[in-house]
Amino acid sequence: MGEILIALGEAGRLIVGAEAALVEIVLLSLRVSLTAVLIACAFGLPLGAAIAVGRFWGRRPLIVIVNALMGLPPVVVGLFVYLMLSRAGPLGQFGILFTPAAMVIAQTILILPIVAALSRQVIEDAWQEYREQLRSLGAGAMTSALTLLWDTRFSLVTIVLAGFGRAAAEVGAVIIVGGNIDGVTRVMTTAIALETSKGDLPLALGLGIILLTLILALNAAAYWVKEGAQRRYG
Amino acid sequence: MLPLVLDQVSFAVNGRTLIDRVSMEIAEGPRTIILGPNGAGKSVLMRLCHGLLMPTAGTVEWRGARNGRERQAMVFQRPVMLRRSALANIAYGLKLAGISPREREMRARDVLEAVGLANIAGRPARVLSGGEQQRVALARAWALGPEVLFLDEPTANLDPGATRDVETLIGQIRAGGTKIVMTTHNLGQARRLGDEILFLSQGRLVERAPVEGFFTKPASAEAEAFIRGELPWK
């Protein structure tokens with residue numbers, strides 16, 4: 001018990017002192033996961049809206065598949081991206097394995113289905129309410145989808161954050177395609193895994209605390225944004 | 001674009017016939033009330049007229065000159081307000097009708113002024129009262145300058161005060177030269193707002209008559225029973 005308390009104290013010192021090694025890891029984590037979220041949203045939100053509004057062949061199977069992909073195991077995604085990017089793989093020529101770019105790709109694949117599936121649900125619910133009115137005003141599928149994306153914006157914020165939380169918290173995919181190289185691809189989760197197995201508890205705990213605080217703060221912010229907006233805009 | 005001619009129009013869902021071989025002509029001029037008990041098919045018939053539903057048999061045809069969706073508008077029982085200001089809701093309809101941004105703003109302000117809601121122009125539409133929302137919905141439809149306005153039980157969810165406001169506004173729109181076609185199951189409203197009655201029962205057009213004749217001397221047994229049921233003291 002005493003050992004843990006000492007480690008906790010040491011972790012606090014690392015955080016308060018903004019230790020360079022720690023800051024570097026945190027910043028890389030944020031850069032990788034935020035980029036992944038951005039890309040996943042750029043494709044996932046329009047995809048969700050298209051599936052919600054569209055009437056095309058194979059729509060139902062597609063919904064089931066996208067929903068199922070929400071449960072993708074990170075290590076499997078890591079393995080898949082690893083095979084694609086390895087020297088012998090189809091994308092090996094780019095030489096981006098064990099770089100932050102590879103980690104962004106893996107996390108994007110991981111959270112794209114989350115963003116698409118959850119936004120599809122939210123937008124489809126709104127579509128039920130809006131459909132006749134929008135059609136009456138002469139809106140086509142494209143206009144309807146854009147209108148719904150805008151009108152559900154406060155709910156979509158929560159979804160985007162769910163995606164970010166998943167990306168920032170996963171370790172399986174980034175450790176495989178990133179390799180946990182000190183100063184290059186070491187992020188919070190991979191560092192925690194490594195330091196714990198090495199027995200360096202202070203750094204692991206410090207990073208763990210930062211990770212938790214970050215996720216908590218983001219979700220609190222999202223909650224207040226949504227609540228405030230809902231009160232104001234209905 | 002009037003007259004609107006329905007020829008042997010039927011509409012069935014999953015083998016259940018909701019509209020059964022209705023033939024009629026809706027002409028310029030008189031305010032047309034589609035009357036009938038719940039489940040008679042009033043709303044379905046109106047959606048067939050407006051083009052939100054396609055008949056499973058028969059034809060719906062606009063026989064006049066200058067046809068097009070933008071020449072007709074519809075207001076629903078539950079107003080669908082977009083998550084933006086009252087003014088922006090009206091401008092949205094104008095945008096879909098292809099009006100330039102500057103004219104949109106001007107026309108939206110004018111119409112809000114005309115319906116007596118200039119003071120709430122900037123308020124988020126979804127937090128307005130039910131009566132205000134329905135008036136914004138009417139203003140949104142009116143701003144399009146429709147030749148025909150379909151109203152589907154526009155006051156069914158409103159209290160007497162708001163109902164009076166909405167009825168006044170309908171009168172205003174009518175005075176501007178727009179043909180009114182409205183469904184209701186409220187006999188008092190049918191009398192106040194109607195010139196001619198289309199009486200619907202179990203998906204069939206049972207009777208068509210001027211308002212006064214219909215209430216004093218209904219020709220069909222169904223209409224007589226309906227009036228007696230609704231006005232048991234007669």
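Tutor: Start with accessibility: buried means under 20% relative accessible area, exposed over 50%, and partly exposed in between, with a 1.4 Å probe and protein chains only. This is a predicted model, in which local features need pLDDT of at least 70, side-chain atom pairs count only at pLDDT 80 or more, and totals for chains, interfaces and linings use all residues. Residues are numbered from 1 along each chain as its sequence is written, chains are lettered from A and ligands numbered from 1 in the order in which they are written, and side-chain values use heavy atoms, with hydrogens and water left out.

Student: Is G9(A) buried, exposed or partly exposed, and why?

Tutor: G9(A) counts as partly exposed because its relative accessible area is 44%. Elements here are DSSP runs numbered from the N terminus: helices are H or I with at least four residues, strands are E with at least two. G9(A) sits in helix α1 of chain A, residues 2-16. The C-alpha atoms of G9(A) and P202(A) are 7.8 Å apart, although 193 residues separate the two in sequence.

Student: What confidence does the predictor give chain B?

Tutor: pLDDT is the predictor's confidence in each residue, from 0 to 100. Where it is low, the predicted coordinates should not be read in detail. Chain B averages 93, and 97% of its residues score at least 70. For the complex, the predictor gives an ipTM of 0.92 and a pTM of 0.89.

Student: Where is T184(B), and which residues does it touch?

Tutor: T184(B) lies in strand β7 of chain B, residues 179-184. It counts as buried because its relative accessibility is 1%. Leaving out residues up to four places away in sequence, T184(B) touches I33(B), I34(B), L35(B), G36(B), K42(B), E153(B), Q189(B) and A190(B).

Student: Which side chain is in polar contact with that of T184(B)?

Tutor: A polar contact is a pair of N or O atoms within 3.5 Å; within protein, one must be able to donate a hydrogen and the other to accept it, and residues adjacent in sequence count only if both atoms are side-chain atoms. The side chain of T184(B) makes such a contact with that of Q189(B), at 3.0 Å. A polar atom of the T184(B) side chain also lies 2.9 Å from the backbone nitrogen of N186(B).

Student: What is the phi of E153(B)?

Tutor: The phi of E153(B) is near 45°, a positive value in a residue other than glycine. E153(B) is in the loop between β6 (148-152) and α5 (160-175) of chain B, and is buried at 9% relative accessibility.

Technical notes
Contact means heavy atoms within 4.5 Å.
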